[in-house]
Amino acid sequence: MGATNGEPERARRRPTRLPRVAGGAALAAAAVACALWACRVPLVSAYVRRALARAGCPEAAFKITALGTGCLTVEGVRLGGDTPLLSVDSVEARYVLSELVRGRLDRLRVRGVRTGVRVGSGGTVRWPLLECLAAAPDEAGASSSRPRAGVWVGEVSVYDVRVPVQVEGVAEPFELRGECSVLSEPVPHGAAARYRLAARLDDGARARLRLDGAVTPGTGEVALQAEVRLGDVDGLFERARLYLPDQVAALGVTPSRCGLTVRGTVALSAWTNVGPFEVSAELARGSGFELARPEGLVRFQTLRGELSGTPQDMQGRLSAGVAGFRLGGQLQASQEEGRLLGVRGSARLRREGTNQVVRLTVDTDLPGRAAVQVLSEAVPLLPRLLTDGGTLHVEADLVRPDAGGWSGGVLYLAEARRNAVTLPAGRLGAARIVVEGSLAVCGSAPGDLRGEVRVEEGYFSRAGARAGAEARLALAASPPYRRAEGRFEGRIRGWESLAGGVVAGPADGVRLEGRAVLDGIGEMPEWRVSLAAPKFELASAFGGDAPTCRVSVAADGYARYNERSLAWACGVRLSEGKVVTGGAEAGFGESHVAVEMAEVSSERLASAPVKIAAAVSNLWAKAGEGFALSGGVARAAVAWSSGDGLAIEGAPELGWELLQAAGVRLVSEGLTLETADGIVRARAGVRVAGSRFGVEARARVPLDRAGRAELDLSLPETELTAEDALAALLRQTMPGVEVAGRLAAEARLRFQGSRPQVEGQVRVVEGRVRQGAVEVRGVRAVVPFEAGAAVRTSGRPYVAFAAAQAGNLRFDDGRVEFQVTPQELFVDRAEVGWCRGRLNAYSIHLDKRAPRADVVVYADRIDLGEALMMVMPFKGKVEGVLVGRFPLGIEGRQVRLSNGFLYSLPGQGGRLRLDDSEAMRALLERSGVKGDVQRPLSNALSDLDFSTIRMELEPDTDGDAVFRIKLAGKSNDRAWPAPVDLNLNVRGPLERLLNLGLDVSRK
């Protein structure tokens, strides 16, 4: 029992020892693991320090704050002791242990990286950390040559990177700040790993760099997008001037208020093969650059450039808006708002086989205001034509083999439309001005240069007149471009003038031709231009009675201009000129005007003397049988300069063989010209042969203000006698008319702006006019007048006379005050003495085109005796005063007399005392009173105290009239005791009734 029982017990104990051993081992391993885990931080720290030491890193300090199965955190990393070459605030790694063993790390994040960079003289850059690592020995030895297993990281991010940059000689460093990250993108199983990367870098104020992209390390494919923003290029430039003073000075450019943005994308394959790319750069608005040589400034409103394509086929575009520029001290222009000029261009560079091919186009535009600014400074002698600006287009096609130079050509086209400039003589312009040409290129060297200037639809206009023109100037030059020459061709076409008239030349226009030479290019360029217009005919055609003209014209000119001097001359020759207007015509044999400026230096150009000579010969004119001129000659020569003013050269000449007007021969009293104090004074006189009458003309022209020119014409007070040639001429033209008296006149011409204004006065003193039974004595007249667009009186013009008689009508002390305008004649007041009383009329308006008016002539205190004396001349005494009115109608040149009357005022009678009753009997006979009553009635009327008397004149439309006399009173004749109440009617033609007294007296 004992043995039996003992064996099973031993058998049961043997199997239980293995688990105990295993458990003990496990406990021991756990204890070791726990010990290692407890010491994990010191162990890992020691391992990392030994690894850094083997890599040659300087003294390192760090602290592992977390180390777990999936996370590692390190803080306070310092390399370099007390003055660290590199410091990192924290490093965090995320992983899975099973993957970590296989070399795969989920995430690595680094924060707060600090490392310094130093910049020495000449721009040398030193990075102490890199220098320290490069100087460390390679302790790894041959083991470093063994291939190392790669590490895959899902994310690598670096935040808050700061790099202080210390510049030698500058106390304060500046700091670069940045961050970057690399992320692994999900890819299909078996595909190459692909990473997305992003980076930022800035200096805190002026510059910023942004980089995004993707990288496939297995294939070497790279796709990057980058953006650089430089907000303060001026500050960066000044900073670079501190680092690289010599290199920056060599650039010769200084930015001003400049900002820049650059964006781009690029694709690479196999790490080095460049694929499609795009790059764009844009300046901020208002960016400018100051130039050192040549000294100047350019400021852009906008500037943008683009480049895209592949290395085998690249395309580029450029667009710029220039707001202002300055080159040197003369050429400058600016624009406050908008762009001054625009530039647009494109270029393409591609490879075709073994050749490189370039095609380049550039387009620019220059607004009108900018063109005026630029041209007025760059080319002072060129008129400011580009009122609406212009454009320039350039094309270049060039080819270059791999072993050779560029060849091809460049075409250019400059164009300006709607060009105009206002000159004192008128407005000059053209619909289009074109400059076109080409430049050959061979072996990368320029060849023949050809250019052509064309003026299309040119015109000149002034005060309703207009002329058309076209011109072409072709120039050619060859290397080394010291000389260019060519020909000028042009035509002037129809001239549209005032009042519907046209000045017409040849059917194909007036031809102009000449040569132009530009010599000394590159040294001291000199222009030599000659121009001529061969002889051609000009004729005018006007409507109505306006004049028509015809003349032969030829002209030529020459100019030589360089930087130091200028000389020019021109001349116009006219011949066989003729003007016809109505029944008059005039002309000349030959006329010539020459203007010349001798060679003068540029410094004296403003004060250079200019000589002008004008001459006309064989002047002639005739108008019917009354006016004739022949053999007329006029010559004058002057010299002018801004310093010396105007000087008369030689004695001017004005004369003629014959000048006769209305049968009166006129004699010239010569012409004199003189200058003093900047004023030209001229005097010319003409007098009548055989007469005291003569007219003197005096002109005064200020040279600095020619618009203030003055012309005075005067006729001194001269007595017209019967022996005077003018009186004899008047007797011939108007038989029976006798005129005498003293006559004077003066007129003064002034300019108000561009319009002439004439003021003058005509005076007559002690004038006398007589023709048959009509006579006017003691004529006085003062008629001031003015003339601008039309003639009119001014002031208070009047005409007066002392006495006048027409037939049996006698007047005295007459005066008419009037005004004459272009439209009407206005008589303000007309009065005349008649029969010891007065006749008056007021406010008479007569339209010159159709004179028509109704006028009332008022009679005031007319003496009855004087009035009856015109009706029936008598001997005796008549007492009484009459008043009345005589209506008149004026129509055209006819005067129509309406019903008029004279009557005695109530209570104011009178007396008739005739020495002979025969005159009264003849009046009764004319009125139809006959028979036995005629004699006693005539005796009764010859001695009558009347209470009422009335005389009426009633004209008929057929020219006849009725003259009525009404008497009422008491006769003193004892043979006629009855009261007198008598109506007498005399009928007959109006003219005979007005002269009734003459008829009665004859009987």
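Strands β32 (residues 548–562) and β33 (residues 565–581) run antiparallel and are joined by 13 bridges. Strands here are DSSP runs of E with at least two residues, numbered from the N terminus, and two of them pair if DSSP finds at least two bridges between them. A hairpin takes β32 into β33 through 2 residues, and Ala554 has Arg573 in β33 as its bridge partner.

Before going on, a word on the model: it is predicted, with local features needing pLDDT of at least 70 and side-chain atom pairs counting only at pLDDT 80 or more, while totals for chains, interfaces and linings use all residues. Residues are numbered from 1 along each chain as its sequence is written, and side-chain values use heavy atoms, leaving out hydrogens and water.

Strand β33 also holds Val572, which is partly exposed because its relative accessibility is 34% (buried is under 20%, exposed over 50%, partly exposed in between, with a 1.4 Å probe and protein chains only). Together with Val593 and Ile612, Val572 makes a nonpolar surface patch of about 190 Å² accessible area. Patch members have over 30% relative accessible area and no salt bridge, and nonpolar side chains are joined within 5 Å; the areas come from the Shrake-Rupley method with a 1.4 Å probe.

Now the inside. Beyond four places in sequence, the contacts of Met951 (heavy atoms within 4.5 Å) include Leu864, Leu882, Leu902, Phe963 and Ile965.

On to charges: the structure has 67 salt bridges, each a side-chain nitrogen of Lys or Arg within 4 Å of a carboxyl oxygen of Asp or Glu. Three of them are tabulated here.

| Pair | Closest N and O atoms |
|---|---|
| Arg483 and Asp519 | 3.1 Å |
| Arg683 and Glu696 | 2.8 Å |
| Glu831 and Arg829 | 3.0 Å |

Arg683 counts as partly exposed at 23% relative accessibility, and so does Arg829 at 30%. There is also a salt-bridge network linking Glu415, Arg432, Glu436, Glu452, Arg454, Glu456 and Arg472.

Technical notes
Helices (H or I, at least four residues) and strands (E, at least two) are DSSP runs, numbered from the N terminus. Patches are made of residues with over 30% relative accessible area and no salt bridge: like charges are joined within 9 Å, nonpolar side chains (Val, Leu, Ile, Met, Phe, Trp, Tyr) within 5 Å.
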